[in-house]
Amino acid sequence: MSPTGLMKHTTSRTISTVSSRRGMAVLVIAVAACTSTGDSIDLTATTTTTFVTTPTTLTTTTTTTIPIVFVMGRAVDPDGSPVARALVEMGPIRTVTGADGWFSLETTDPSVMTVTKPGWSSVDVPWNSETNFHEAVIDQMTVRGLRVSPDAAQDDARFASLLQLAAATAVNTLVFDSKQEGGQILYDTAMAEAHEIGAVEVFYDPRERIAQAHDAGLYTITRIVAFEDRVRVNARPDEKYAGVWLDPTAEGARAYILELAVEACELGFDEIQFDYVRYPSGRTAQASGQLDLPQAQRVNAISTFLSEARTRLHSLGCAVSADVFGIVLSSDDDQGLGQRPEELSAQVDALSPMVYPSHYSLGWLGLPDPNDHPYDVTANAIQAGLARVDDSSILRPWLQGFWWTNAQIRSSIQAAEDHGVGWMLWNILSNYDAAALPTDDEVAP
């Protein structure tokens with residue numbers, strides 16, 4: 001949308017009220033049809049009040065003109081690139097930026113605009129009566145995160161040590177688990193169905209840990225394992241796909257996962273991250289028949305789930321991310337999983353490939369053992385991913401925090417830093433050493 005070609009709007013609404021036999025009051029709000037006015041702005045709402053008295057009729061008319069202001073603008077990042085799906089609020093009026101970053105709204109009470117997007121900074125933009133264009137510059141947070149295991153979240157001393165580690169390094173994010181592999185929900189959820197099927201195994205109080213993390217100035221993400229769920233497969237066999245996997249298209253399975261995600265957002269997590277958001281792999285994939293499905297059908301099943309998650313969670317103020325296999329960044333197809341960077345990244349705020357060189361085949365990139373080359377393998381995966389991620393999203397890899405020396409971990413992190421992307425460090429036990437992590441002075445602001 002360009003700054004020209006504005007419209008003149010009035011609306012029409014009639015509200016009548018009848019008093020006692022001594023009189024009658026009629027309120028009329030009149031609005032004319034929509035007409036083009038070129039570059040001018042002359043938008044009004046007219047209120048006419050008529051009083052009628054009997055037996056002698058006396059008519060009094062009062063007309064009040066309320067200007068309707070047409071406001072438009074664009075949300076961009078510090079480099080001037082458009083920011084899609086940002087929320088723009090001016091008083092009670094709300095709208096969302098398009099793919100090109102543009103927005104427009106109409107109001108009778110122009111004031112400060114607040115532009116926000118989950119996982120980004122927010123900015124207040126004063127209304128300027130001298131111009132019809134307003135630019136909002138917002139910046140996306142660069143996540144530098146550590147995974148918090150259920151045991152670490154449960155233990156006060158261990159959790160306190162993670163907070164201390166974050167304070168001494170560039171770490172600004174903690175990634176918790178709400179629902180883990182196997183289907184266990186790790187806190188006392190309010191979801192009755194989760195209790196009914198035996199999915200609840202309480203490890204920690206998320207409200208308490210979120211508050212502690214926020215008090216320390218940390219961003220909070222929670223990981224929800226989506227379609228790998230032994231507990232629910234046993235309780236709801238009609239939703240089973242194969243093995244311990246739920247059918248990604250089953251309405252009941254989707255609703256269950258999304259309800260948990262909404263609850264996690266309402267508990268106070270800043271971002272909801274879906275893991276195992278795919279079809280099964282390995283022998284289960286061979287037996288399930290999924291490889292006989294058209295690729296588009298598999299990808300659509302996963303991308304539509306993420307789209308619904310984004311719609312529900314953005315309205316609550318939470319960012320949405322998804323984990324994918326690292327191999328899909330370098331593959332033309334979805335590897336039978338329903339994961340392609342182009343389609344999935346278009347539905348989330350961040351796409352997180354699991355870049356673990358220890359899992360790569362010998363000879364990858366011509367390297368005898370990829371695990372011995374943390375920087376090169378990490379950099380190659382990031383480069384491949386950056387070329388394929390949708391402009392509305394970012395790449396933010398999971399990095400290997402196990403089976404390596406501190407220097408090797410640091411080398412992998414440096415590859416992410418050198419490519420301007422955030423990162424999260426995975427260690428199943430949450431065992432981290434400050435020597436493996438950069439300090440605030442060693443990373444870009």
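**Terms and their grounds**

Reader: Why is Q335 called partly exposed?
Author: The relative accessible area of Q335 is 38%. Buried means under 20%, exposed over 50%, and partly exposed in between, with a 1.4 Å probe and protein chains only; 38% lies in between, so Q335 is partly exposed. This is a predicted model, in which local features need pLDDT of at least 70 and side-chain atom pairs count only at pLDDT 80 or more, while totals for chains, interfaces and linings use all residues. Residues are numbered from 1 along each chain as its sequence is written, and side-chain values use heavy atoms, leaving out hydrogens and water.

Reader: What makes the phi of Q335 worth noting?
Author: Q335 has a positive phi of about 60 degrees and is not a glycine. Most residues other than glycine have a negative phi. Y276 is also not a glycine and has a positive phi, of about 50 degrees.

Reader: Where does Y276 lie, and why is Y276 counted as partly exposed?
Author: Y276 is in the loop between strand 19 (271–275) and helix 7 (282–288). Helices (H or I, at least four residues) and strands (E, at least two) are DSSP runs numbered from the N terminus. The relative accessibility of Y276 is 21%, and therefore Y276 counts as partly exposed.

Reader: Is D334 buried or exposed, and how do you know?
Author: D334 has a relative accessibility of 1%, and it therefore counts as buried. I327, at 29%, is partly exposed.

Reader: What makes the pair D334 and R298 a polar contact?
Author: A polar contact is a pair of N or O atoms within 3.5 Å; within protein, one must be able to donate a hydrogen and the other to accept it, and residues adjacent in sequence count only if both atoms are side-chain atoms. The side chains of D334 and R298 are joined at 2.8 Å, so the pair meets the distance limit.

Reader: What does I327 touch beyond its neighbours in sequence?
Author: Contact means heavy atoms within 4.5 Å. Leaving aside neighbours within four places in sequence, I327 is in contact with Q335 and W364. The C-alpha atoms of I327 and A381, which are 54 residues apart along the chain, are separated by 8.3 Å.

Reader: Why is Y432 called buried?
Author: Y432 has a relative accessible area of 17%, and is therefore classed as buried. Y432 is in the segment after strand 24 (423–426). Its contacts, apart from neighbours within four places in sequence, include L146, L162 and L165.

Reader: Which backbone atoms does the side chain of Y432 reach?
Author: A polar atom of the Y432 side chain lies 2.7 Å from the backbone oxygen of R147. The side chain of Y432 also reaches the backbone oxygen of L425, at 3.4 Å.

Reader: How do you know that the buried residues of helix 4 are on the same side?
Author: In helix 4 (residues 206–215), P206, R209, I210 and A213 are buried. They cover an arc of only 100 degrees around the axis, which puts them on the same side of helix 4; the arc is that of the directions from the helix axis to the C-beta atoms. Their cover includes helix 1 (150–154), helix 2 (156–168) and helix 6 (251–267).

Reader: What caps helix 4, and what follows it?
Author: D205 caps the N-terminal end, with a side-chain oxygen 3.1 Å from the backbone nitrogen of R207. Helix 4 is followed by G217, whose phi is positive, near 80 degrees.

Reader: What makes a set of residues a nonpolar core, and which residues touch the most other members of the largest one?
Author: A nonpolar core is a set of buried Ala, Val, Leu, Ile, Met, Phe, Trp, Tyr and Cys residues joined through side-chain atoms within 4.5 Å. The largest has 84 residues, of which L174, F227, I272, F274, V277, L306 and L313 touch the most other members. Helix 6 gives the most to this core, with 10 residues. Apart from it lies another core, of 15 residues, among them V69, A86, L105 and I138.

Reader: How many helices and strands are in the chain, and how much of the chain is buried?
Author: The chain has 11 helices and 24 strands. Of its 445 residues, 49% count as buried.
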